[in-house]
Amino acid sequence: MITRMSSLFLRTLREDPADAEVPSHKLLVRAGYVRRVAPGGYSWLPLGLRVLRNVERVVREEMDAFGAQEIQFPALLPKEPYEATNRWTEYGPNLFRLKDRRGADYLLGPTHEELFALTVKGEYSSYKDYPVTLYQVQTKYRDEARPRAGILRGREFVMKDSYSFDLTDEGLAKSYQDHRDAYVRIFDRLGLEYVIVSATSGAMGGSASEEFLAVAETGEDTFVRSTESDYAANVEAVTTIAPPEQSIEDKPEAQVHRTPGTPTIETLVDFLNAAGLGRTFTAADTLKNVLVKTREPGEKEWTLLAVGLPGDREVDFKRLEAAVEPAEVELLTETDFARNAFLVKGYIGPGALLANGVRYLVDPRVVRGTAWVTGADEAEHHVVDLVAGRDFTPDGVIDVAEVREGDPSPDGRGTLVAARGIEIGHIFQLGRKYADAFSLDALGPDSRPVRITMGSYGIGVSRLVAVIAEQSHDDRGLIWPRNVAPADVHVVVAGKDDALLAGGEKIAAELHEAGLRVLLDDRRASPGVKFKDAELVGVPTILVVGRGLADGTVEVKDRRSGDREEIAVADVVPHLLGVVRS
RNA sequence: CGGGGCGUGGCGCAGCUUGGUAGCGCACUCGCUUUGGGAGCGAGGGGUCGCAGGUUCAAAUCCUGUCGCCCCGACCA
């Protein structure tokens, strides 16, 4: 089809919008793809809507290709199914809630596990019906505390969410793998640079889970990758390799020392090194015990939890939250310390913790046979050479110390470096949480019910438009990959006289005839304006119809590389077909 | 929720300190010129200065309150 700029509903801006920070936001607004309507709410103008539709098309093709079937639910949903799974309350303030005229509670769907589960329950009842995978491309609503970065993080956004229903764990594993493979194909077709990281399952519940992160400096998620291997993981999910265990026999006896004025690791290390013990200590030789409290969902009472880790590392609170999920976790208050007199702040050691029944979990580096300097449970006193497995035995291991650049990669190859990414896809093996909530069973061949197991898989479709823009632009504007570009060719008529315009129209018609999507700049504007707009809009191939037309040539420019070549008018169609289809 | 900033034609901004005709650039309309890198000249249209109250002869400007938005953090499939 031919889209004429003279009548296209489009106004480009010469200046960046004041409220935009990240490149994708600035460029999508400047190039007239989207306009802000409300915080976290954007309208799609013609060119933007085309890109969004193109992304959707790629997603649908790959979902359909492995047998997923598209359906669609309302965005406006009744409360009851979400009460059955407790998410009406658990989802918290991020859920958009509203009432109808009778006062009945509704919500705008943030994600649709409940509806999919109920729908399958309503239609299917035999093991012969399974497995099945359903998906939808739907507008989702989340009352984000702080929407930001244009359409990268909105309160209304388009998401593809799919759900697999299987009879067995092996079936679920296959459905999961099918999705993973499809996602790889989708993101490859969209020309994205991304990594797949193991993730925590978050509020969704469930076990195995991976995130697809598009690599972008402006991303909100931090992940680590190995310098040597293709290992990549969300920081919350990085596992620490435990050092080998050591023998206990050759360790000196634990000794309590008076260590006045040493409430912090730094002061303690300085004191020890000045105390003439005949060796040098570092912060990594100390065992720091951090006290927190946790509360299981539905419980009223908080439970103490002590985390022991090498003194040179801090507890990463996000990793801690992920580790104790679904329980909540908080730091201890002064009141808590006062209530538990055996906790001597600054001098807490394993002894008092274990003696008083406080659950004590340690960093993986604290293995049997390692000797530590740690608190002696008495103000101004520490114990040196307290040996794990001899002098104390922790209740277990918890891997929540901060991850640092330079730490060894968990796969044993290379070291870790940090990078930023934007979550574009997330796949989960949900398990039976939702099936349990709705008693979703199939009648098995032995006439006994089999509880269905589910997977849940999402792609941020509208976010992808911004992510592609984020990864594919330069200082002049957007540069769309061919698969999602709003047109195949942008024909610029570089002049205002009728002969040029007629020439441009004719070539555009021929390209259209040949099956290409043509954006024709037939405006009576000066050439400079048109060139600038073409670069801003970002169609990958620009065809300039200008002064060469009299000699029978036009110019083909590649938006990304800037390369240009003169082509005889007679050869334009086959040449461009070659460029576009390559 | 904590911290910071901003609300003035469609967009980007100045004016506010020191109260007195609301201004600039872009965009838009008309005319002439120009025509391969965001053209020139001329003439125009368009603004309850976020909202409410107060001080004053007089408020975009000073005072009080309030609403909204943006950024950083917290939070977040």
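1. Apart from neighbours within four places in sequence, Leu-134 is in contact (heavy atoms within 4.5 Å) with Gln-69, Ile-71, Phe-116, Val-120, Asp-161, Ser-162 and Tyr-163. Leu-134 belongs to strand β8, residues 132-141, where helices (H or I, at least four residues) and strands (E, at least two) are DSSP runs numbered from the N terminus. Its relative accessibility of 11% makes Leu-134 buried, the classes being buried under 20% relative accessible area, exposed over 50% and partly exposed in between, with a 1.4 Å probe and protein chains only. Between Leu-134 and Leu-268 the C-alpha to C-alpha distance is 59 Å, at a sequence separation of 134 residues.

2. A word on conventions. This is a predicted model, in which local features need pLDDT of at least 70 and side-chain atom pairs count only at pLDDT 80 or more, while totals for chains, interfaces and linings use all residues. Residues are numbered from 1 along each chain as its sequence is written, chains are lettered from A and ligands numbered from 1 in the order in which they are written, and side-chain values use heavy atoms, with hydrogens and water left out.

3. The peptide bond between Tyr-130 and Pro-131 is cis, with omega about 0°, and Pro-131 sits in the loop between α5 (113-123) and β8. Asp-385, although not a glycine, has a positive phi of about 65°; this residue lies in strand β20, residues 381-387, and is buried at 8% relative accessibility. Ser-447 also has a positive phi of about 65° without being a glycine, but it is placed in the loop between β23 (441-443) and β24 (449-451) and is exposed, with a relative accessible area of 55%.

4. Which side chain of opposite charge is nearest to Glu-470? It is Lys-26, 9.2 Å away, so that Glu-470 is buried yet has no salt bridge; here Lys and Arg count as positive and Asp and Glu as negative, while His and the chain ends are not counted. Glu-470 lies in helix α12, residues 461-471, of which 10 of the 11 residues are buried. Not counting residues up to four places away in sequence, Glu-470 touches Val-22, Pro-23, Ser-24, Leu-152, Ala-216, Thr-218 and Ile-422.

5. The structure holds 38 salt bridges, each defined as a side-chain nitrogen of Lys or Arg within 4 Å of a carboxyl oxygen of Asp or Glu. In one of them, Lys-79 meets Asp-105 with the closest N and O atoms 2.9 Å apart; Lys-79 is in the loop between β5 (76-78) and α3 (80-84), whereas Asp-105 is in strand β7 (residues 105-108), 26 residues apart. Arg-313 and Asp-407 also form a salt bridge, at 2.9 Å from N to O, and because Arg-313 lies in the loop between β16 (303-310) and α8 (317-324) and Asp-407 in the loop between β21 (396-397) and β22 (416-431), this pair ties together parts that are 94 residues apart in sequence. Arg-313 is buried at 8% relative accessibility, and Asp-407 is buried at 12%. A network of salt bridges links Arg-57, Glu-61, Glu-62, Arg-185 and Arg-189.

6. The domain assignment of chain A, whose bounds come from an automatic or database assignment, gives domain 1 (48-238 + 418-470), domain 2 (255-397) and domain 3 (487-581). The C-alpha centres of domain 1 and domain 2 are 39 Å apart.

7. Strand β30 (residues 541-545) is largely enclosed by the rest of the structure, because 5 of its 5 residues are buried. Thr-541, Leu-543 and Val-545 point one way from β30, and Ile-542 and Val-544 the other way. Strand β28 (residues 489-493) runs parallel to β30 and is joined to it by 5 bridges, strands being paired if DSSP finds at least two bridges between them. With strand β31 (residues 553-558), β30 pairs in the antiparallel sense over 4 bridges.
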